[in-house]
Amino acid sequence: MPPRLGPNGYESDDDNDLLDQGRRQARRLLDGFIDFAFQGNVLEIAFGLILASMFTAVITSLVSDILLPPLSVLLPLNKNLEEKFAILRPGPNRDDEAGYNTLKQAQEDGAVVMAYGFFLNRLVNFVGVGFSLYGLASLYQCFSKDPIIKRTVKCKYCRKRINEKSTRCVNCTSWQDGREDRPFGR
């Protein structure tokens, strides 16, 4: 659509104002995004997420490729733990004598299977990642004054969890040094 020309032969002021307003809004949106994206906290979170995903991949590989194969040999599993499954309802092409050799074969036949080995593998991965992260947090806490692991205790009065170094409960505001238990005036 060609621009509207005003009585003097130029674009009308309404169109220029609207165009300038759109440019200002677009610039404000872009500046806001740049301010948000390059703040220190957002970059720290991004680096943390990248490191966490790589750390999880390493621990998953450690569990799946290093720890579980010897466990499968030591225990009488005859297969990798990930390949253990139970048939809940066989598929239409199941051979009664041989059964299914692999989980993939059973799933392709349409059998209803419970893949407990896969679940146990994920469970061991989860525990491995959890203990590894706890170990890294403990190591970090040894070299830093910034506590990551916050030790908590139960409040004597309201029984909610509070920091072990607290002198007052944040929930019920009672003193944790026993002031409430002393008779008044002593």
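1. Tyr-116 counts as partly exposed, because its relative accessibility is 32%. Partly exposed lies between buried, under 20% relative accessible area, and exposed, over 50% (1.4 Å probe, protein chains only). Tyr-116 is found in helix 4. Helices here are DSSP runs (H or I, at least four residues) and strands are runs of E (at least two), numbered from the N terminus.

2. A word on the model. This is a predicted model, with local features needing pLDDT of at least 70 and side-chain atom pairs pLDDT 80 or more, while totals for chains, interfaces and linings use all residues. Residues are numbered from 1 along each chain as its sequence is written, and side-chain values use heavy atoms, without hydrogens and water.

3. Tyr-116 belongs to a nonpolar surface patch of about 990 Å². Other members include Leu-88, Val-112, Phe-119 and Phe-131. Strand 2 (112–114) and helix 4 each give two or more residues to the patch. Helix 4 has the largest share, seven residues. Such a patch joins nonpolar side chains (Val, Leu, Ile, Met, Phe, Trp, Tyr) within 5 Å, from residues with over 30% relative accessible area and no salt bridge. Areas come from the Shrake-Rupley method with a 1.4 Å probe.

4. Now the largest pocket. About 180 Å³ of space lies in it. Its lining is Gly-48, Leu-51, Ala-52, Phe-55, Leu-133 and Leu-136. Helix 2 (40–74) and helix 4 (116–143) each give two or more of the lining residues. Helix 2 gives the most, four residues. By class, the lining has five nonpolar, one polar and no charged residues; Gly counts as polar. A pocket is an open set of points on a 1 Å grid where a 1.4 Å probe fits, with protein on both sides within 12 Å along at least five of seven lines; lining residues have an atom within 4 Å of a point.

5. How many salt bridges are there? The count comes to two. The rule asks for a side-chain nitrogen of Lys or Arg within 4 Å of a carboxyl oxygen of Asp or Glu. Asp-20 pairs with Arg-23, with closest N and O atoms 3.7 Å apart. Asp-31 pairs with Arg-27 at 3.5 Å. Asp-20 and Arg-23 lie three residues apart in helix 1 (residues 13–37). Asp-31 and Arg-27, also in helix 1, are four residues apart. Arg-23 is exposed, because its relative accessible area is 52%.

6. Check two backbone angles. Most residues other than glycine have a negative phi. Arg-159 has a positive phi of about 65°. Arg-159 sits in the loop between strand 3 (152–154) and strand 4 (161–163). Thr-173 has a phi near 60°.

Definitions and conventions
Grid points are joined across faces, edges and corners, and a volume is the space filled by probe spheres set on the points. Patches are made of residues with over 30% relative accessible area and no salt bridge: like charges are joined within 9 Å, nonpolar side chains (Val, Leu, Ile, Met, Phe, Trp, Tyr) within 5 Å.
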